[in-house]
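Good morning, and thank you for coming. I shall present the surroundings of the ligand and then turn to the pockets.

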Amino acid sequence: MPDNLKKLAQKALKAGRIVDLPKDHFINGRFLSSQSGEEMESIDPGTGKAFHSFAKGAKADVDLAVAAARNALKGPWIQISPAERSRILWRASQLILQNIDRLAVAETLDSGKPVNESVGDTRGAARAFEYYAGAADKLQGDVFPLPAGYHGYSLHEPIGVTAHIIPWNFPISTTARGVAPALAAGCTIVAKPAEQTPLTALMLADILRQAGLPDGVFNVVTGTGAEAGAPLVAHPDIDHVTFTGSVSTGITVAKSAADNVTRLLLELGGKSPVTVLADCDLEAALQGVMGAIFENAGQICSASSRLVIERSIHAEFMEKLVQRTEALSIGHGLTDPNIGPVNSAEQQDKIVAYLQDAKARGLDILTGGHALKDPDIGTGWFVAPTIIDNLKPDDRICQEEIFGPVLAVQVVDDFDEAVAVANDTAFGLVAGIYTGSMSKAHRYARDIDAGQVYINEYFAGGIEVPFGGNKSSGYGREKGLEALKSYSKLKSVAAKI
Ligand code: ADP
């Protein structure tokens, strides 16, 4: 850890908080408390203790934020040239980097994740603003080849006011990956961060203001899904909703958005496989599988929660994997362990219920399988990194999203069976493969029903690579130039001249 970050992390760990965190909604360019005056608490998952309180929003706050965004759309924002939009986004990326230590420590206190992962996420957020800064002034249309006497062309117009419902597992990076392309496309925004992790969205609002974003273009309303999220999605002045979260909430959101024919991008859960074939680079595969399931304590939509492995290397691979898993350090996110706490007591309970069920059914748990406390301070919501071997494809451990550090292992006899097993869930977010055969790798990429495929490095790629789900994992694509399509609407113009 760099010195400055280390100092700030240690200070925050000792004090149990950091000073000067935002606590109010950000509406029309300023921080504003809830109309009701109500607040709720932020809890540090590493200690289980409250460290901050923030505004508990409801419909009245959502109405103010949507009105501000609607005014800004037709007011100051449309007057600003695409080139100036680029500069604002670029300045935001620089300001995020200048504030990276504070953002990362706040993110870790709020979410529990190891502070180095928070640094990586914050860097990713800066990169999203940098990437879309380069795109804002390049959204050009086409000319249609009509017969003589006609002229036809297309315009890419901003969709309007977009709502972004953010999950708790990647607060700053999910906010940035939605907000940056929406701003590049000329939209105005109301974001609703998860009630467990509201801080970095509010800090980002302040950064965007410093970067020169006009009042009302980016608004944040904090609070629960039921009280603040639901009225935002149902608001008739919202033109598009980007939702990242669970399948069941996604379905509720889709039904609500349908009432106003509001456009929707859904990034839901996953049960993503990583397939390891006998001809792979074993060391690369071991490293890849460890990161794919244990990063952020497995609380990643695109985590690889299933290992599909060829029988001939199964025993050797599992022995090494278990050894490495048992060597992982566990602790408060601010001490930068390999594995931090899971985000909440509810999340811990949900994961542990799966593990108890697995035990009761006599499944082959190679390591882990239980809850933990911080080994140094005896607090917090931790789950031991867990590997369950030799599972049948229809086992619920292979079919349901657990959203924790739990790896389900499925043993197969050949490549064709690996593809069939990899595809055999209701989800279709991501699939990875480790193999020395480029031919098998690309056959796998062709035959997998998922939004993205990683070859020989799980989580390869960055903001340039479009991301989204198939099947129950959702629809629409974020990241890359594809995301810009989500935030603009095409107008065709045809004229007789
Ligand atoms: P989890 O159950 O793991 O907390 P959710 O999918 O429910 O995940 O939450 C993701 C985001 O959706 C959070 O910001 C949450 O507040 C929000 N949310 C929850 N319920 C609703 C709802 N009915 N309408 C809009 N947003 C919601």
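This is a predicted model: local features need pLDDT of at least 70, side-chain atom pairs count only at pLDDT 80 or more; totals for chains, interfaces and linings use all residues.

**The ligand and the pockets**

Lys192 places a polar side-chain atom 2.7 Å from an oxygen atom of the ligand. For Ile166, a polar backbone atom lies 2.7 Å from an oxygen atom of the ligand.

Which residues come nearest to the ligand? Out of 17 residues around the ligand, they are Ile166, Lys192, Glu195, Ser246 and Thr249. By class, this shell comprises nine nonpolar, six polar and two charged residues.

The space that the ligand takes is the second largest pocket. Two or more residues of the shell come from each of α9 (225-234), β10 (240-244) and α10 (247-259). Of these elements, α9 gives the most, with four residues.

I turn now to the largest pocket, whose volume is about 790 Å³. Its lining has 31 residues, and those nearest the centre are Phe170, Ser173, Arg177, Phe459 and Lys479. The lining divides into 13 nonpolar, eleven polar and seven charged residues.

Which element gives the most to the lining of the largest pocket? That element is α6, with eight residues. At least two lining residues are supplied by each of α6 (115-133), α7 (171-184) and β21 (452-455).

Methods. Residues are numbered from 1 along each chain as its sequence is written. Side-chain values use heavy atoms; hydrogens and water are left out. A residue is near a molecule or strand if one of its heavy atoms lies within 4 Å of it. A polar contact is a pair of N or O atoms within 3.5 Å; within protein, one must be able to donate a hydrogen and the other to accept it, and residues adjacent in sequence count only if both atoms are side-chain atoms. On a 1 Å grid over the protein atoms alone, a cavity is a set of points where a 1.4 Å probe fits but cannot get out, and a pocket is an open set with protein on both sides within 12 Å along at least five of seven lines; lining residues have an atom within 4 Å of a point. A molecule sits in a cavity or pocket if more than half of its atoms lie within 2 Å of its grid points. Ala, Val, Leu, Ile, Met, Phe, Trp, Tyr, Cys and Pro count as nonpolar, Asp, Glu, Lys and Arg as charged, and the others, Gly among them, as polar. Grid points are joined across faces, edges and corners, and a volume is the space filled by probe spheres set on the points.
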